Amino acid sequence: MTSIGDVELRSFVKFCVALEKSPTETMKMINSTGKYKKCSPAKVYRWPSRFKEGRNSMEDDPICGRQSVVACSIKDSVKDSADDLVKHTQAI
């Protein structure tokens, strides 16, 4: 099940892939925000290759019988998170 936090984190990773940041640089930027203190490095290192392969969705692949918990308000949440990341990127 995809949580809103996972989608936000993946949006950061996708943004960093677009900026051609390495997973290590991405992890440093995410940690610098202070928002994802318990962020798993495995998540950050796994998703760049998926986005480079052409994946666009930030949600988990659908599993028969399960519904996503991601709400319609996710767009606003992702936008706010992306804005925060851009501010931190410019400061680095």
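1. A search of the whole structure, which is a predicted model, finds one aromatic pair. The ring centres of W47 and F51 are 5.4 Å apart and the planes meet at 40°, so the pair is tilted. Rings of Phe, Tyr and Trp (its six-membered ring) pair if their centres lie within 6.5 Å; planes under 30 degrees apart are stacked, over 60 edge-to-face, and the rest tilted.

2. W47 and F51 are four residues apart in helix α3 (residues 41-52), which puts about one helical turn between them. Helices (H or I, at least four residues) and strands (E, at least two) are DSSP runs, numbered from the N terminus.

3. W47 is buried at 2% relative accessibility, and F51 is buried at 8%. Buried means under 20% relative accessible area, exposed over 50%, and partly exposed in between (1.4 Å probe, protein chains only).

4. R50 lies over the face of W47, 4.5 Å from the ring centre. The criterion is NZ of Lys or CZ of Arg within 6 Å of the ring centre and within 35 degrees of the ring normal.

5. S22 is in the loop between α1 (4-18) and α2 and is partly exposed, at 28%. The C-alpha atoms of S22 and P48 are separated by 8.5 Å, with the two residues 26 apart along the chain.

6. The mean pLDDT (the predictor's confidence in each residue, from 0 to 100) is 75, and 71% of residues reach 70 or more. Where pLDDT is low, the predicted coordinates should not be read in detail.

7. Residues are numbered from 1 along each chain as its sequence is written, and side-chain values use heavy atoms, leaving out hydrogens and water. Local features need pLDDT of at least 70 and side-chain atom pairs 80 or more, while totals for chains, interfaces and linings use all residues.
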